[in-house]
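Morning, everyone. Let me walk you through a structure that may be new to you. Please keep it on the screen while I talk.

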Amino acid sequence: MLNTKKHRADICVIGGGIGGMFTAISAARHGAKVVLMHDRPVLGGNASSEIRMWISGAGTRVRDLQETGIMEELLLENMYRNPTRNFTTWDALLYEKVRFEENIELLLNCTCCEAKTENNHIESIKGFQLTTYTWHEVNAKIFVDSSGDSILAPLTGAEFKVGREAKSEFNEEFGLEVADSYTMGMSIMMQCRETDHPVTYTPPAWAYDFPDDQAMHNKPHNLYAINTNFYWIELGGMQNSIDDTEEIKDELLKIAFGVWDHMKNHGDHGAENWDLEWVGFLPGKRESRRYVGDYVLTQHDVENCTPFSDVVAYGGWQIDNHLPGGFHMDAKGGAHLQKRRLSEPYPIPLRSLYSKNIDNLMFAGRNISASHVAFSSTRVMGTIGVIGQAVGTAAAIATQYELLPRDAAQTKIKEIQAALLEDDCFLPGLRREISPVAKKAKLTCDYGDCTNLINGLDRRIWGNDNGYFGKTNKSITYTFDQPQFVNGVRLVMDSDLDREYTEGNPDGLHTSAVLFYSASHNNTRFGFPKCLIKRYRIEILDENGQWDTALEIADNHQRFVKHVLNRIAKAVRFTPLSTYHSETKTEDYGSSTAHLFNFELF
């Protein structure tokens, strides 16, 4: 008889990819008790060391749209602590962010297998943990499916879709004349390393042989074009992307090792000194089941940026529809892809993030309520991350008020949006409200014009900087007519969201590690945003008219910071400090200008 452990939580999250992680973290930070059940030993999903796909999002395609909130927190932490973009360090960082977040109970190597549902309401789920041979049963108020394959759909009867819609359903330009069940395929990633000597390669006997480019259907293959990442080692779109996964994986492995054989042994590809370092045995999956919510996002919404009163997230990745034939389609002229670039961020409504017919089911991942065409944009991990933070925040607020997701979306949407904006998320069309205590004070600065610091927009967007350019050792000050109690300060600094001034890996914004290492990689530290403020001081003018240093930070490496003060103050000032301190020998990241978007009391 196997053991069964029972857990009780406010929110249970199934799946520890980027969406599930961010859901759990945001919900926990808003006070909810969370159980996160994940069926792998490492977190991160497609971004983990098991698959190694880098995180792309709106900012990859459109300027000023890099995802912030938890996403930027994670990327900056990785850039700072993992200068060589090592996957072991990356895995440890993802583990740390969840395992040591207060209010989260993490169940790794645990596969959700059962669900108990009554009257369209999930009572509990049950998962089997392979490492301990233990069943884990979780009772919760709200369940969030971030499993990718939407495991709770067949277990609960939640309405879902698979495949491509007909034009008649949503009147989409890219819709089909007749709907089908085809999806985008899944891919296997490879990691290769350049050495200083010739390296021979003998493929396994079971690998496919590709003697020329035509045998590989003219797919683009170039060791130095990192962004191609051999994504076209892709199959499964014309099969069942869940039931046939193992069969598809076997075929992908034959292709992957055959492709490397082609690079090494068939023609001159500049690969003489290159060595095959790693091949993923877990395919990165693009598409399977998609839930149906109160609203289905469509191609029209993605391209026309439909405004939604319940906006909680945004996307901006291009329509990027991998056609079902995958590897077997000829790539000449890009015929294996259907693409359309976007120029603006499109809002994603909360109504697309909870189930239409299961009243306490939400979803955060590639499985949101979207048509196949819209999904081809929303599916990337940068977008999934902001969706996850939105779902976690909404679920926490819903449980706080003892509400179901639909009720919270209807009655607490302003509070949900305000919480997301406060947590450094960007929501198209909305500005963050300035805190009451900041409104009571007069804002002045020793240098320049600092009025943008309280304009409610904490990033460059639509041609406006929305920030303040200051000088080191020049202060920004809030002054009150009468002493006031100040809980703390909120800071949003410039972390170079477009990574224009970040040296090293050009994809440092998105990758936890590049997939193809050049010889120079062995001696390269990847860059960190030069413009970020590293040292600063916060001081308080007390009731006796004396300035007191509340705190001094010497090694900041985050864009968004909140400091608790809990002090009575006549004034509060923030001073970015000189970039070099002779005693501590602390240096900056490369810029002598202090640029920030928000300094505000709360």
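**Helix pairs and aromatic rings**

Start with helix H10, residues 381-400, and helix H12, residues 413-422: their axes come within 10 Å and cross at roughly 130°. This is a predicted model, where local features need pLDDT of at least 70, side-chain atom pairs count only at pLDDT 80 or more, and totals for chains, interfaces and linings use all residues. Residues are numbered from 1 along each chain as its sequence is written, and side-chain values use heavy atoms, with hydrogens and water left out.

Some terms. Helices (H or I, at least four residues) and strands (E, at least two) are DSSP runs, numbered from the N terminus. Axes are lines fitted to C-alpha atoms, for helices over the stretch in contact, and angles run from 0 to 180 degrees between N-to-C directions. Under 35 degrees counts as roughly parallel, over 145 as roughly antiparallel, 65 to 115 as roughly perpendicular, and the rest as oblique.

So H10 and H12 are oblique to each other. Which residues meet? From H10, Gln389, Ala390, Thr393, Ala394 and Ile397 meet Glu415, Ile416, Ala419 and Leu420 of H12. Contact here means heavy atoms within 4.5 Å.

Next pair. Helix H3 (residues 70-81) packs with helix H4 (residues 87-99) at about 140°, axes 11 Å apart. H3 and H4 are therefore oblique too. On the H3 side we have Glu73, Leu74, Glu77, Asn78 and Arg81. They meet Thr89, Trp90, Leu93, Leu94, Glu96 and Lys97 in H4.

Now the rings. Rings of Phe, Tyr and Trp (its six-membered ring) pair if their centres lie within 6.5 Å; planes under 30 degrees apart are stacked, over 60 edge-to-face, the rest tilted. How many aromatic pairs does that rule give? The count is 17. One is tyrosine 208 with phenylalanine 210, a tilted pair, 6.3 Å centre to centre with 50° between the planes. Ring pairs also link Tyr208, Phe210, Phe230, Trp232 and Phe327 into a cluster.

Buried or exposed? Buried is under 20% relative accessible area, exposed over 50%, partly exposed in between, with a 1.4 Å probe and protein chains only. Phenylalanine 210 counts as buried because its relative accessibility is 6%. Tyrosine 208, at 34%, counts as partly exposed.

Last stop: tyrosine 182. Look in the loop between helix H6 (167-170) and strand E8 (186-187). At 29% relative accessibility, tyrosine 182 is partly exposed. Leaving aside neighbours within four places in sequence, tyrosine 182 contacts Gly163, Arg164, Gly237, Met238 and Pro324.
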